Amino acid sequence: MKITSSFHVLCFLTIISLPSLISSQSCQRSCDKLPVKYPFGTGSGCGDPRFQKYINCDQQKLTLTTHTGCYPVTNIDYANQVIYISDPSMSTCSCTQPSKGFGLDWDAPFSFHDDTVFTLLDCSISSSPIYQSTGINTGDNSSLAPMCDKEGIPICSFLYSCRAISMLSLPISTCCVYTPVDLGPAFEMDLRKLQCSSYSGFYSFNGQESNPDNWKYGIALKYKFNVYNDYPSNCADCERSGGACGYSGNYNSFVCNCPNGINTTSDCVFPSYNNALRFLPWQRGIWVTSLLALLWNLP
């Protein structure tokens, strides 16, 4: 009788100690159809803390948030460390609409990919700061030269041939190809200050340079894991074992978030002792259920 009571107590103490291993935050490994891996996360405590305030999974939609708005993430190229986003207010070949522009936060862990091309549309050639005087006073707008990429004239021609834009009958001179380096240190594209009504962004001609209907519209952004751009080895071990990389505590210490929300400091495989069975985190729940059933049937 005494042995049975002691066993009851030991098992009860074991069971009540298990919830302390369970985190209130369970990191998802996908958001809708997009896989989510380090350095990104689906919520607080997931991924890398530097990225958490910018990338989030909200109502099963992965979004990038900056001071200019929220933008859906359409794809992530983990091999080349590039994310692709769309701007619902951006003009494309099929639709033109007013926009306020796009900007990255100065401390955001992103930079514009070299393939990203911005085109400012319907800019005022009389008052927009993107135009500067050539120093020749001819009494008309011919003395103005755009502070844009001169090689971008064909791009403007193709865009302005789109039905949605051509219906506005805009002069080709109101178009300006704006490369990321021109956005300045604040990476800011304020269309109100630039006095342009809209903008278009794309990152690939999709093999059809003269057919803007098939260009890949959106914005491509590069990211780095850290200063040396090294993938953390403990995170790689965590993901190989089926977990999601995260962080916790005042010092944002690394944790591996395993299925059922269990956090470890290494990976999701429990070490074996004296050839004992290995319990994976998702097997622990089965073990607890079996233990409760055993206790229920004991006298």
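I'll start with a bond: the sulfur atoms of Cys 148 and Cys 176 are 1.6 Å apart and form a disulfide, a term used here for a pair of cysteine sulfur atoms within 2.5 Å. This is a predicted model, in which local features need pLDDT of at least 70 and side-chain atom pairs count only at pLDDT 80 or more, while totals for chains, interfaces and linings use all residues. Residues are numbered from 1 along each chain as its sequence is written, and side-chain values use heavy atoms, with hydrogens and water left out.

Back to that first pair. The link of Cys 148 and Cys 176 is left-handed, with -110° about the S-S bond. Helices (H or I, at least four residues) and strands (E, at least two) are DSSP runs, numbered from the N terminus. Cys 148 is buried at 17% relative accessible area, and Cys 176 is buried at 1%. Buried means under 20% relative accessible area, exposed over 50%, and partly exposed in between, with a 1.4 Å probe and protein chains only.

The structure holds nine disulfides. Another one joins Cys 156 and Cys 175, with the sulfur atoms 2.0 Å apart. Its torsion about the S-S bond is about -80°, so this disulfide is left-handed. Cys 156 is in helix H3 and Cys 175 in the loop between helix H4 (163-166) and S12, and the pair links distant parts of the chain, 19 residues apart. Both Cys 156 and Cys 175 are buried.

A further disulfide joins Cys 258 to Cys 268, S to S 2.1 Å. The torsion about this S-S bond is about -100°, so the link of Cys 258 and Cys 268 is left-handed. Cys 258 lies in the loop between strand S18 (253-257) and strand S19 (263-264), and Cys 268 in the loop between S19 and helix H7 (281-297), so the parts tied together are ten residues apart in sequence. Cys 258 and Cys 268 are both buried. By contrast, Cys 70 is exposed at 52% relative accessibility, and Cys 95 is partly exposed at 35%.

Now the cores. In soluble globular proteins, nonpolar side chains tend to be buried together. A nonpolar core is a set of buried Ala, Val, Leu, Ile, Met, Phe, Trp, Tyr and Cys residues joined through side-chain atoms within 4.5 Å. The largest has 46 residues, and Phe 40, Phe 110 and Leu 120 have the most contacts inside it. Apart from that core lies another, of 14 residues, including Val 117, Ile 155, Leu 159 and Cys 162.

Where is Ser 200? Ser 200 is in strand S14 (residues 196-204), and is buried at 1% relative accessible area. Among the residues that Ser 200 touches are Met 90, Val 117, Leu 159 and Tyr 217, where contact means heavy atoms within 4.5 Å.

Last, helix H6 (residues 233-240). Its buried residues are Cys 235, Ala 236 and Cys 238. They cover an arc of only 160° around the axis, which puts them on the same side of H6; the arc is that of the directions from the helix axis to the C-beta atoms. On the other side of H6, Ser 233 and Arg 240 are exposed. Strand S17 (244-248) and S18 are included in what covers the buried residues of H6. Just after H6, Gly 242 takes a positive phi of about 95°.

Note on methods
Lists of a residue's contacts leave out its neighbours within four places in sequence.
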